[in-house]
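Subject: Structure handover

Hello,

Here is the structure I promised you. Please open it alongside this email.

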Amino acid sequence: MFKIFDAHCDVLSKLWQQPELDFYREDERLQVSYPEMVKGNVDIQVMACYVPSHVPYGRRFQAVLEMLDLFHERVASGKIRAILSRADLDACVLKEEKGAILFVEGAHALEESLVQLRTWHRLGLRGMTLTWNHSNVVASGCHEPHPGGLTLFGRKVVEEMNRLGMIIDVSHVAEPGFWDTLELSKAPVIASHSNVRRLCDHPRNLTDDQIKALIANGGVMGLTFVDFFVTAEKRTVWIDDLLRHLDHVCALGGVDHVGFGSDFDGITETFGDLTRAGDYHNLVEALLKRYKEADVKKFVRENWLRVFRNVLQ
């Protein structure tokens, strides 16, 4: 079975909100856990620190610190390597260890401070989704009715993330901010968990022009397992529905620029045949029926490895 690189999950936020949960025990409430990673052969998992919108300004930075501490105390216990650098990533791959890369989902938790961004970086954070669905001090989110692009502070954040070797993630970002980010960033940019808008007209999905731009940028788009980003039809969603999105990205020239970012533990409704990290084998089997083995390896792992190796220092 192929080893998997999953570019987005919210397990740290869930562990933070429900401290009785144990990452190292099987629990139906956790879609990503160590036992599920073993079952699904997920060896590299991006874990996002998502601060819910009800957390007030002035408390959000502290919430991320608590999630980072939770990771180091309760997740990175020897079975999961904290990937902090390109060298760590290469060592994780060479030694066939399981590793995690820490992100923040949404710069609303940044609270307009580059000092806080650098502090997160020193504590192990290696990427950030610039917005969640709504506007913040960096840019407009995809659900804003009259979105703008990067703010002046947002431009400083992109430049500082480039300097620090942090991954810039444009999932959730409104289109004007997407274009500003790709124009400004000197490093490849990712969309960790977004699907194709032409196939499912949702503001969280990317247009064909955005997908082509991400390809030209050298970035990677992570198809996500959120059912209503796959189809607007009110029915059970299956892996074959998701693969229509993969087919479309590949038809746009994206064979080397597409992967998967599940959004596990941020999902309430799941696919009929892909409900947790342990089900990744179902996805791999479906991919092998439609694609060459060399391309499947790109989709599930190698495309992500390339862009992360390119950006991490």
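Predicted model: local features only at pLDDT ≥ 70, side-chain atom pairs only at ≥ 80, totals over all residues.

Residues are numbered from 1 along each chain as its sequence is written, and side-chain values use heavy atoms, without hydrogens or water.

Helices 7 and 8

Helix 7 spans residues 175-184 and helix 8 spans residues 208-217. (Helices are DSSP runs of H or I, at least four residues, numbered from the N terminus.) They pack at an angle of about 20 degrees, with axes 11 Å apart. Axes are lines fitted to C-alpha atoms over the stretch in contact, and angles run from 0 to 180 degrees between N-to-C directions. Helix 7 and helix 8 are therefore roughly parallel, a label for angles under 35 degrees. Helix 7 contributes E175, F178, W179 and L182 to the contact (heavy atoms within 4.5 Å), and helix 8 contributes D209, Q210, A213, L214 and N217. These residues divide into 5 nonpolar, 2 polar and 2 charged. Ala, Val, Leu, Ile, Met, Phe, Trp, Tyr, Cys and Pro count as nonpolar, Asp, Glu, Lys and Arg as charged, and the others, Gly among them, as polar.

Helices 11 and 12

Helix 11 (residues 280-290) packs against helix 12 (residues 293-311) at about 145 degrees. Their axes are 9 Å apart. V284, L287 and L288 of helix 11 meet E293, V296, F299 and V300 of helix 12. That contact has 6 nonpolar residues, no polar ones and 1 charged.

The largest pocket

The largest pocket holds about 390 Å³ of space. A pocket is an open set of points on a 1 Å grid where a 1.4 Å probe fits, with protein on both sides within 12 Å along at least five of seven lines; lining residues have an atom within 4 Å of a point. The volume is the space filled by probe spheres set on the points, which are joined across faces, edges and corners. There are 23 lining residues, and D10, W132, D263, G266 and I267 are the closest to the centre. The lining divides into 6 nonpolar, 9 polar and 8 charged.

Best wishes

Terms used. Helix = DSSP H or I, 4+ residues; strand = E, 2+ residues; numbered from the N terminus. Parallel < 35°, antiparallel > 145°, perpendicular 65-115°, else oblique.
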